[in-house]
Amino acid sequence: MLGGAGLLLAAAPAQAAEVAYKTECIPPSISGLPPVEGTTKVEITAPAEAKVGDEVEVVWKTTQAASSNPDVLDLDKDTVKPTGTVKLGGAQTADLAVEGERSNPPIKKNSPMVLSDMKGKIKLTAPGEVTLTPDKYNINVSKPISTDTKCSPKEAVKPGATIKVTGGGATTGGLPTGLPTGLPTGLPTGLPTGLPTGSASATPTGGSSSSSGGDTSGSGGGKSDFTGKEVQIPYQCKTPIGDKNATSPVQINAKKDGGNYGLTVQFKKSVMDSPADIPKDSVKPSMEVKLGGADKGTVHVEGPTNAEPIKSGQPIDIPDLTGTYKPGADGKSTLSPGVLTVKALGTTTTCTPSKTEVSLEIDTAAQPGGAAGGSGSAGGSAGGAGTSGGLAETGSSNDGVLRALGLVAGTVILLGGAVFTFLPKRRARLR
């Protein structure tokens with residue numbers, strides 16, 4: 001037996017008793033997933049007896065989490081970390097923070113969660129019986145990005161252990177030591193997502209980016225820079241958790257280079273901070289700009305991946321999407337936002353406009369190998385799509401079976417299993 005303040009005590013044989021209680025687990029608010037109710041089973045281990053002034057260790061062992069790993073993705077080894085709160089009552093009241101190691105075996109989809117034991121230390125300050133009751137807890141999943149699922153009791157919970165504290169002189173400062181936690185666990189929703197950051201326009205845009213002064217017509221002698229108007233585009237996207245709809249403001253600008261045009265597609269306004277840490281080079285956006293008027297087909301434009309990691313709480317920016325338009329017809333040709341694609345961690349998500357609107361109209365002269373007739377991607381840009389703004393085949397002719405892991409421009413991003421709702425932000429200046 002060890003005695004004295006500040007020392008970890010095993011003052012009497014430790015006790016462990018299982019407590020079961022109804023629990024509600026809430027996935028991240030950005031996930032769109034509903035709360036899950038289940039039963040949490042916990043064993044609390046602590047010394048049966050100790051003295052005032054002793055510091056003792058409390059161990060929370062989760063024998064059953066309130067929810068299993070959902071049918072989203074397998075969790076890798078050592079990616080799950082639990083934290084929780086034990087309520088002290090009776091002779092001493094306080095919240096004791098307990099924390100577990102990021103240590104777990106691989107956890108398959110639809111399998112029970114496996115959580116490491118959580119531990120914390122408390123300094124005893126008053127004689128009498130001190131009860132230890134498990135309370136809320138949090139499950140953090142670290143890969144591919146950090147996300148939390150929060151669980152809390154939905155009924156009164158019985159104490160899991162009681163420490164009989166004998167007198168040993170008055171002491172002060174009886175708040176529990178240990179790491180503060182505060183958020184519950186339960187339904188891990190995986191990892192979520194990288195979103196593109198940075199603004200890297202390969203082709204400079206001429207004129208103002210404001211829609212109020214945009215010149216959508218390409219007529220006029222010797223003009224080389226053409227500024228489109230900002231249009232509101234409603235997107236329909238399919239995800240593993242259902243259809244998602246959102247409207248995003250988009251603007252298409254062009255710069256004439258000989259008979260061709262360098263295009264820059266900008267996502268503007270609406271902004272939301274990142275809900276979690278996002279690794280670098282994790283997401284790459286692209287779009288098929290739809291041609292109309294004299295010309296037909298699509299033009300492939302794309303943006304860079306995020307050059308730097310994005311910390312939770314930092315703004316998420318959609319970079320400029322750039323590409324080259326090689327006209328295939330003489331006359332007035334129109335350019336409208338088309339199908340939007342996000343490639344993330346080896347997966348592809350597509351968002352299709354329910355309707356589109358012309359952002360830019362320019363006078364064009366047919367170029368050899370141009371886009372007229374809608375036979376393919378305009379200008380020979382890599383990754384172009386077929387007619388009507390379609391995308392290259394992704395394994396099925398029915399876009400309803402596409403497994404979306406990321407939705408851009410005011411929709412939902414799903415990376416692995418974590419879901420992020422965000423809207424794009426236009427950078428104040430180009431780098």
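Is D117 buried, partly exposed or exposed? With a relative accessible area of 33%, D117 is partly exposed (buried means under 20% relative accessible area, exposed over 50%, and partly exposed in between, with a 1.4 Å probe and protein chains only). The model discussed here is predicted: local features need pLDDT of at least 70, side-chain atom pairs count only at pLDDT 80 or more, and totals for chains, interfaces and linings use all residues. Residues are numbered from 1 along each chain as its sequence is written, and side-chain values use heavy atoms, leaving out hydrogens and water.

The secondary structure of the protein chain comes to 25 strands and 0 helices; both are DSSP runs numbered from the N terminus, helices being H or I with at least four residues and strands E with at least two. Of the 431 residues of the protein chain, 49% count as buried. The chain exposes about 17900 Å², and 50% of that area is supplied by carbon and sulfur atoms (Shrake-Rupley method with a 1.4 Å probe; for residues, only the protein chains shown count as cover).

A hairpin of 5 residues leads from β9 to β10, and V141 has T147 in β10 as its bridge partner.

Side chains of opposite charge can pair when their charged atoms come close. The structure holds 11 salt bridges, each defined as a side-chain nitrogen of Lys or Arg within 4 Å of a carboxyl oxygen of Asp or Glu. One of them joins D117 to K61, with the closest N and O atoms 3.9 Å apart. This pair links distant parts of the chain, since D117 sits in the loop between β7 (94–100) and β8 (118–123) and K61 in strand β5 (residues 55–64), 56 residues apart. Like D117, K61 is partly exposed, at 36% relative accessibility.

Another salt bridge brings E99 and K81 together, their closest N and O atoms being 2.7 Å apart. Because E99 lies in strand β7 and K81 in strand β6 (residues 80–90), the pair ties together parts that are 18 residues apart in sequence. E99 is partly exposed, at 26% relative accessibility.

D225 and K255 also meet in a salt bridge (3.1 Å, N to O). D225 belongs to strand β12 (residues 225–227) and K255 to strand β14 (residues 242–257), so this contact ties together parts 30 residues apart in sequence. D225 is partly exposed at 26%, and K255 is partly exposed at 28%.

Terms used:
Two strands pair if DSSP finds at least two bridges between them.
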